[in-house]
Amino acid sequence: MSTPSISSTDSTILDEVQSAWGLELQPTGCRTCRQAFLIDPAQLGQPCPNCAQGVLESQPVRLRTEPPELLLPFQRQVSSLAPAVEKFVKEVWLRPADFTAPNLLKRARPLWQPMWLVDSTLSGTWQAESGFDYQVKSSQDYYSGGSWQSREVIETRVRWEPRLGQIQRRYHNIAAPAASDHAAREKILGSYALEQARAYDAALLGSSIIRVPDEPPESAWPAARAALDEKAGQECSQAGGAQHTRSLKLQVEYLDPHWTLLLLPMYASYYLDDEGRRRPVWIHGQTGQINGVRVASQSAGWKWAAVLGGIGLVLLILSLILGAVGVALLPLAPIAVLLAVLAFLFGIAAIVPAVWPWQWNQRHKPKS
Amino acid sequence: MNQVSTPLPPWEVPPNYQAVDSQVPGITVYAPVQAKAEAEAPVTFKCPQCGAATRYDVAAGGVACEHCGFQTQANGQHVGRQAEKLEFTLETVAKAEQGWGTAGRMELHCDSCGASLAVENKALSITCPFCASNRVNLRQAAEDQLRPRFLIPFKIPVENNRRVAKEWLSKGWFHPDTLGQSSVLDRFLGIYLPFWTFTCHIQADWKAEVGYERTERYYDSSSKEWKSRTVIDWRWENGRVNVQLEDWLISGSSHISKKILGRIQPFDLGDLVAYLPDYLAGWQAHAYDIPLTQAWEEGKSQMREKARDACYADISSSHVRNFTMVADFADESWRYVLLPVYLASYKFEDKVYQVMINGQTGAIAGQKPVAWWKIWSTIAAMLAPGVLGGLISLPLLLAGGLGAITLVISFIVLGIGAAFAISLYRKAVDSEAA
């Protein structure tokens, strides 16, 4: 079986600011994560929205000449995200000074993630076991006080029957990942309600950043084919009036495939950790779900430990002085003991902020 | 046309598949051809050689002609206990509740001689009284599942019945002496009777206060001494019992004595064969008149009692109180089968008595007259020692001496005699009951 590809006539190389997809677009790339983006020329030199480590530099980009077919509009504005971002930040007790909700919101930039949309005709045969629901009458009988009482119970069971047939259906806009990290991103941010997609409109993009697909159709084809098969399977089941399907086997040809793009909305932001490294944070453009690596600040931990330890030390010195005086002036002895206990408690408490950032960062280490 | 896969070979609809309605344009659907609930047309059994009526012959195991000796084997598939069981689907239950739809009698036209016959509504087969031709499949059930699908063919030849009946009539000492000689049992009607078989699993959860005996010593202040007594300690217990009940037989006929029918059981369902009209040729067969749901209610109440017995058996003490249980039925299934029975009746002193013989095993049971004078004489003989002993003991007791001992012995003897007398009386009543 051969896989589809975009012919060179379908695409063009953008190497400088150029009008494409109804916008003036600057082709850029990030040297760190090696992802390509199309941006408003004014945003050149901004941190990379994908990894936040590198910056967006001008570089040639291979681009489909045909504009995206659909996009999912942003449903959450940055201003409406403040409470969720505030919560996201405050879950970290000892956080870097730069890790604040206002900073994240100020730096949030709209980013469009690409996804392939495939149209194809499936022609061939199918075979499956179709499950039909039916109900049976059962009962539960209770014995008490020398007599029986019966309660009718209706159970739903599934009757499986073989079904087969032919299929000749064209499917439109079957989505397949166009970004290599699509599945990982979907796992942490959640999926998109693709049924809310609308026709591409350049006006809706404004000065957003558009990520260029790094998965060509050749690589996306297995996922697209699986999605096509799943859709066809559902329809085969529906065709036979069954409620369930199992052991579906499709033997089909995939005819006239047509690939277009769908753009998914998200916000990309970042904050600086103790070492001044940029840490990316992403926000789902439809649901407002936030994700990103949150690091705790070890320096803030040391500061708190020093403060608490210092108080403990002062209390210890005071208790020793009062203890020495207490030898002569007996009523001061209990106060000396009390101060010694307090000093001990502060000393113990000082360990917590010293250890907590390390523990948090271990627990929330990004999985490589 | 741009394509991304290799062309497929041409496709043909597999055999035994037929097109069914598709709810999605562009997709065709084929399903296996269903074994249609074919309305089995009435079959007339006539000899292809001589034209005489043929009937199922037990010894030959097939349809035979008594005139020219022509025989064909009845090739009903042997299914035994593996015979298909059906579930209590709402659809089946609803149809089963409709029963046969009509009542009374139906008009039938004999293909052989053209006579019009009035046939009892529940009859599945008939022998024309004018031309003696045998017809089978007189009824069509409302639901395919509710027609007989399995049966046990007759195994006992009708010729054996007279000898078996004679021996049976001669047995037993409390029947009239002339019963064996004067009663004639020569007309045995071989009939397939309708039965429902039920199978289910019961998960029974029980809870009860269970008592455990304990011996304790206590001080009796009246006699001023230590004594022993048994006390029962009660504690709440619970448990779970799983009971699997297979092929529970419930009669589908309301006109046959259940008592006598019960005595000629069991039937060995390992001999079940798939229904074939051949087995019914020349024999009577009745369809059920107790519908599935009614029979299941009866079967269910018997089965849950079995589960209750199993729960009691699970309790490690005989002292039980406040017993409650939940019987959760699962995997309930049923079959509708025809089982072979010979019916006969005989007259003795102007009274008619019923007899049944199991057509598969030859077990016989029925009503038998009782010589009541023998019963009363025996009862009197059983009670006499106790009564006499008592009468002798009373004056002795008044006179002092041995009276007390003999009175106790007399009471014991009277008690034993009464127990035997009651048992004998019940047996005698049972013997006459239908």
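Colleague: How many helices and strands does chain B have?

Modeller: Chain B has 8 helices and 19 strands. Helices (H or I, at least four residues) and strands (E, at least two) are DSSP runs, numbered from the N terminus. Please note that this is a predicted model, in which local features need pLDDT of at least 70 and side-chain atom pairs count only at pLDDT 80 or more, while totals for chains, interfaces and linings use all residues. Residues are numbered from 1 along each chain as its sequence is written, and chains are lettered from A and ligands numbered from 1 in the order in which they are written.

Colleague: What share of chain B is buried?

Modeller: Of its 434 residues, 28% are buried. A residue is buried if 20 or more other C-beta atoms, placed from the backbone, lie within 10 Å of its own.

Colleague: Which regions does UniProt list as transmembrane?

Modeller: The unreviewed UniProt entry gives residues 375-398 and 404-425 of chain B as "transmembrane region". Such annotations may be inferred rather than shown by experiment, and the positions are in the numbering used here.

Colleague: Are those stretches helix or strand in the model?

Modeller: Residues 375-398 of chain B are 100% helix and 0% strand, with end C-alpha atoms 35 Å apart. Residues 404-425 of chain B are also 100% helix and 0% strand, and there the end C-alpha atoms are 31 Å apart.

Colleague: Now the sheet with β4(B). What is its strand order?

Modeller: The order is β4-β5-β6 in chain B, an open sheet of 3 strands with antiparallel pairing. Two strands pair if DSSP finds at least two bridges between them. The edge strands are β4 (54-57) and β6 (71-73) of chain B, each pairing on one side only.

Colleague: How many bridges join β4(B) to β5(B)?

Modeller: There are 4 bridges between β4(B) and β5 (residues 62-65) of chain B. In one of them, B:Y56 has B:V63 as its partner.

Colleague: And what holds paired strands together?

Modeller: Strands of a sheet pair through backbone hydrogen bonds, either parallel or antiparallel.

Colleague: Turning to the two chains, how many residues does each give to the contact?

Modeller: Chain A gives 39 residues and chain B gives 37 residues. Two residues are in contact if their C-beta atoms, placed from the backbone, lie within 7 Å. On the side of chain A that touches chain B, β8(A) gives the most, with 13 residues.

Colleague: Which strand of chain B is joined to β8(A)?

Modeller: That is β17 (residues 319-348) of chain B, which runs antiparallel to β8(A) and is joined to it by 4 bridges. There, A:Y142 has B:V326 as its bridge partner.

Notes. A residue is buried if 20 or more other C-beta atoms lie within 10 Å of its own, exposed if 12 or fewer, and partly exposed in between; C-beta atoms are placed from the backbone.
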